[in-house]
Amino acid sequence: GTVKDEQGNPFPGVTVVVKGTIFGVETDYDGRFEINAQKGNVLLFSFTGYKPQEVIYNGQKEINIVLKEIY
């Protein structure tokens, strides 16, 4: 999947974790990530200063996220 900011730019360094586990990855320079998840797992996307987002993994090939700043 890919994480971008509100301007549509790739977002490196975003933490992506399977909620309830210690398993996680960070997005690369291009905002891309790969994570092993099972159907029904909740993926938590977070970065300091931005609203965390949760997405339920239902077998999608790609999950594309836009993180929004906390105002």
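Visitor: Where does Asp-28 lie?
Guide: This is a predicted model. Asp-28 touches Phe-11, Pro-12 and Gly-13, leaving aside residues up to four places away in sequence. Its own place is the loop between β3 and β4.

Visitor: Is Asp-28 buried, partly exposed or exposed?
Guide: The relative accessible area of Asp-28 is 37%. Buried needs under 20%, and exposed needs over 50%. Asp-28 therefore counts as partly exposed.

Visitor: Which backbone nitrogen lies 2.9 Å from a polar atom of the side chain of Asp-28?
Guide: Look within the loop between β3 and β4, where Asp-28 sits. The backbone nitrogen at 2.9 Å from the Asp-28 side chain belongs to Asp-30.

Visitor: How far apart in space are Asp-28 and Pro-10?
Guide: In sequence, 18 residues separate Asp-28 and Pro-10. In space, C-alpha to C-alpha, the value is 8.9 Å.

Visitor: Is Thr-27 buried or exposed?
Guide: Thr-27 lies in the loop between β3 (24-26) and β4 (42-46). Its contacts include Val-3, Val-14, Val-16, Arg-32 and Phe-33. The relative accessible area of Thr-27 is 6%, and the cut-off is under 20%, so Thr-27 is buried.

Visitor: Which backbone oxygen does the side chain of Thr-27 reach?
Guide: The Thr-27 side chain has a polar atom 3.0 Å from the backbone nitrogen of Gly-13. At 2.6 Å, the side chain reaches a backbone oxygen, that of Phe-11.

Visitor: How far apart in space are Tyr-29 and Lys-51?
Guide: Tyr-29 and Lys-51 are 22 residues apart in sequence. From C-alpha to C-alpha, the value in space is 20 Å.

Visitor: Which residue in β5 is the bridge partner of Leu-44?
Guide: Strands β4 and β5 (residues 53-56) run antiparallel, joined by four bridges. They form a hairpin with six residues between them. In the turn, Gly-49 has a positive phi of about 90 degrees. Across the pairing, the partner of Leu-44 is Glu-54.

Visitor: How much space lies in the largest pocket?
Guide: Its lining has 13 residues, with Gly-1, Phe-33, Glu-34, Ile-35 and Lys-61 nearest the centre. By class, six are nonpolar, three polar and four charged. The space in the largest pocket is about 280 Å³.

Notes: Residues numbered from 1 in each chain as written. Predicted model: local features only at pLDDT ≥ 70, side-chain atom pairs only at ≥ 80, totals over all residues. Heavy atoms only, no water. Helix = DSSP H or I, 4+ residues; strand = E, 2+ residues; numbered from the N terminus. Buried < 20%, exposed > 50% of the residue type's maximum accessible area, 1.4 Å probe, protein only. Polar contact = N/O pair within 3.5 Å; in protein donor to acceptor, adjacent residues only side chain to side chain. Contact = heavy atoms within 4.5 Å. 1 Å grid on protein atoms, 1.4 Å probe; cavity = no way out; pocket = protein on both sides within 12 Å on 5 of 7 lines; lining within 4 Å. Points joined across faces, edges and corners; volume = space filled by probe spheres on them. Nonpolar A, V, L, I, M, F, W, Y, C, P; charged D, E, K, R; others polar. Pairing = 2+ DSSP bridges.
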